[in-house]
Amino acid sequence: EKRDRSGSAILTELPFFSFYHQLDLSQPLEEQGPLDVIIHKLTDLILEADQNDTQSLLLVQRVQDYIDAHPETIVLDPLPAIRTLLDRCKSYQLVHRIEDCMQDERICSPPFMVLNSECGPDTLEQIKQHGLTFPFICKTRVAHGTNSHEMAIIFSAEDLKDVKPPCVIQSFINHNAVLYKVFVVGDSYTVVERPSLKNFPSGQADRKAIFFNSHNVSKPESSSDLTSRDNVEGVSQPPSDDVIRELSRSLRQALGVSLFGIDVIINNQTGQHAVIDINAFPAPEGWCLAQFDIRCSDTAGSSHLYFCNLGYEGVPEFFSDLLNHITSILQGQSSSDCPTPPSAQLTTLASGERSCAPSQECCSLLGKEPDSSSPWIVEGEGGLKGSCQRLGCTPAMSPNFQQHCVSTIATKASSQ
């Protein structure tokens, strides 16, 4: 082991060992492989590419070209799926469709509406038609980056002038100042309790809009008037494990992702669960050295994955869950009786592996009909449409698996 100036571990190749390293997107990826697993946080680049930034378009396409040329490479997570997570409108639409399919009375997420222009004479009527009530939360449509945490609570029609489009507005639900952050890693998830916004009276109120940073509000050590629990009332209970499990499974299947977060609150009047945000995670920066054995049925001895995490957002289980998830996928790959036809549905298999294309039900959840020529569903115009990216078993292990890399892509620092 050696360390660079930042303290990050630099690993060199050892016989019969896999190793972890950061990919340099300015160089051909073919020269940096072969790669068994790519773990990325390309959210900044994807956003810039979708805004037609030439350099970002080139780098994202370079990654996609490698993925297309190497279907045996596991990608955590597919680029088209990340685009859905980066758009609050699309992710909220998906949540509501999933809830309609689940038909579980214990779940009722708040209504929302997209504002693409300055509020006008018709805005208040449109808000009513969408089922929104005062107060409501105003958020940026883009669910990533520093600005995505800047939000406002709007209490009256007069405060609509403070709304800055494009944005998403979402009815505020009193939840006794408690937020439950769900960190999903494959089939596993961890629920962490965090501070949140205090209760407010329902209906319009004669008070100024409140502007706040949600990241600061929900920090474990957060303590302010905004997170006060002096007026706690009604239902105060943790989320149901059954509900969280089903929500996680449904979102995983519909999106085709393995790593994401869900923000859940409990309505203090009804006790219902409400999903108020979903987001992509984690960033690979700051990981350090660790060793983990992966025993493959068709290889002699063990292969080793090198990397670790000191705990993501205070979740010590994240590291072990991630390695267990990768292990199950690689073991699934090495099994000779693991079929993966190109049209395979995205589903959880008996042994935990997952194949790569959305099921008929998932396609309908995303609002589109299945298209055999494009196994990944991408909503909206523009951007790069990726082809099938492996999340699970593939026909065979690459021949030199024991000397392959488990890699992450270094990107700009993320605020999520």
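User: Before we start, what makes two rings a pair here?
Analyst: Rings of Phe, Tyr and Trp (its six-membered ring) pair if their centres lie within 6.5 Å. Keep in mind that this is a predicted model.

User: OK, so which residues do ring pairs link into a cluster?
Analyst: Phe155, Phe172 and Phe200.

User: Where do Phe155 and Phe200 sit in the chain?
Analyst: Phe155 is in the loop between strands E8 and E9, and Phe200 is in the loop between strands E11 and E12, 45 residues apart.

User: Buried or exposed, those two?
Analyst: Both Phe155 and Phe200 are buried.

User: And what lies over the face of Phe155?
Analyst: Arg207, at 4.6 Å from the ring centre.

User: Switching topic: how many residues are in the largest nonpolar core?
Analyst: It has 42 residues, and Leu85, Leu251, Ile262 and Ile278 have the most contacts inside it. Helix H7 gives the most to this core, with 6 residues.

User: What does Leu251 touch, leaving aside its neighbours within four places in sequence?
Analyst: Leu251 is in contact with Leu94, Val95, Ile98, Gly256, Phe260, Ile262 and Ile278.

User: How many residues does H7 have, and what's at its ends?
Analyst: H7 covers residues 241-255, so 15 residues, and reaches 21 Å from its first C-alpha to its last. At its start, a side-chain oxygen of Ser240 comes to within 3.3 Å of the backbone nitrogen of Asp242. After H7 comes Gly256, with a positive phi near 75 degrees.

Technical notes:
Residues numbered from 1 in each chain as written. Predicted model: local features only at pLDDT ≥ 70, side-chain atom pairs only at ≥ 80, totals over all residues. Heavy atoms only, no water. Helix = DSSP H or I, 4+ residues; strand = E, 2+ residues; numbered from the N terminus. Expected span 1.5 Å × (residues − 1). Polar contact = N/O pair within 3.5 Å; in protein donor to acceptor, adjacent residues only side chain to side chain. Core = buried A, V, L, I, M, F, W, Y, C linked by side-chain atoms within 4.5 Å. Buried < 20%, exposed > 50% of the residue type's maximum accessible area, 1.4 Å probe, protein only. Contact = heavy atoms within 4.5 Å. Phe/Tyr/Trp six-rings, centres within 6.5 Å; stacked < 30°, edge-to-face > 60°. Lys NZ or Arg CZ within 6 Å of the ring centre and 35° of its normal.
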